[in-house]
Amino acid sequence: MNTIVRALGPHDLEWVIKTDQLFPHPWKENAWRNLSDAEHCFLLESDEKLVGYILFRHLAGAEDGHLLKIFLLEEMRGLGGAQKLLEASSDLLGLKEIFLEVGENNLRAQYFYNKMGFKKVHLARGFYSDGENAWIMTLIR
Ligand SMILES: CC(C)(COP(=O)(O)OP(=O)(O)OC[C@H]1O[C@@H](n2cnc3c(N)ncnc32)[C@H](O)[C@@H]1OP(=O)(O)O)[C@@H](O)C(=O)NCCC(=O)NCCS
């Protein structure tokens with residue numbers, strides 16, 4: 001698979017907003033259009049087509065970052081692209097520590113994070129607006 005990871009540009013926003021509707025907990029369009037300076041989105045491209053995105057909250061100079069979203073188109077899953085997206089974007093931000101929340105029922109994502117070395121540290125009950133619990137997971141790189 002011939003893939004690259006690059007930062008989000010203004011022309012990519014429509015694709016991300018549309019694709020994020022498939023994410024387990026999508027954001028409203030306005031949130032995407034008003035990303036703060038601390039929110040960093042990177043894209044996975046395969047053969048010049050957008051196939052995935054990752055979003056971090058990260059303060060300039062900090063060594064830690066909050067992984068808010070990672071998403072790959074269904075046909076791109078299981079091919080190693082998620083690992084590349086996570087590692088390349090974490091390197092670009094200089095992250096030494098990452099934390100995230102993942103739905104208790106989202107077994108595929110939990111398995112992926114586990115494979116990447118994340119550890120479960122806490123079960124946050126009723127974390128999501130629909131009442132689903134979330135695992136808080138952290139990775140020291
Ligand atoms: C999360 C995501 C980015 C991971 O990417 P991916 O390409 O699917 O990840 P991988 O295939 O590398 O790893 C997933 C692993 O879970 C395994 N798996 C799949 N379904 C599973 C299930 N129901 N239960 C347990 N493990 C499962 C896969 O076999 C794979 O393990 P393997 O590499 O040992 O075979 C991708 O699945 C995705 O976009 N999901 C939808 C969005 C999402 O839920 N994001 C996370 C929100 S916190």
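Which helices and strands each supply at least two residues of the shell around the ligand? Here are my notes.

1. First, the ground rules. This is a predicted model, where local features need pLDDT of at least 70 and side-chain atom pairs count only at pLDDT 80 or more, while totals for chains, interfaces and linings use all residues. Residue numbers start from 1 along each chain, following the sequence as written.

2. Back to the question: the elements are β4 (64-72), α3 (81-93) and α4 (107-115). Helices (H or I, at least four residues) and strands (E, at least two) are DSSP runs, numbered from the N terminus. The largest share, six residues, comes from α4.

3. Now look at the shell itself. There are 17 residues around the ligand, and Arg77, Ala82, Leu107, Ala109 and Tyr111 come nearest. A residue counts as near a molecule or strand if its C-beta atom, placed from the backbone, lies within 6 Å of it. By type, the shell has 11 nonpolar residues, three polar and three charged. Nonpolar here means Ala, Val, Leu, Ile, Met, Phe, Trp, Tyr, Cys and Pro; charged means Asp, Glu, Lys and Arg; the others, Gly among them, are polar.

4. Next, follow the strands. β2 (residues 39-46) and β3 (residues 49-57) pair in the antiparallel sense over eight bridges; two strands pair if DSSP finds at least two bridges between them. Leu44 sits opposite Gly52 in β3. The two strands make a hairpin with two residues between them, and Asp47 in the turn has a positive phi of about 45 degrees.

5. β3 also pairs with β4, antiparallel, over six bridges. Leu55 has Lys69 in β4 as its bridge partner. This hairpin has six residues between its strands, with Gly61 in the turn at a positive phi of about 90 degrees.
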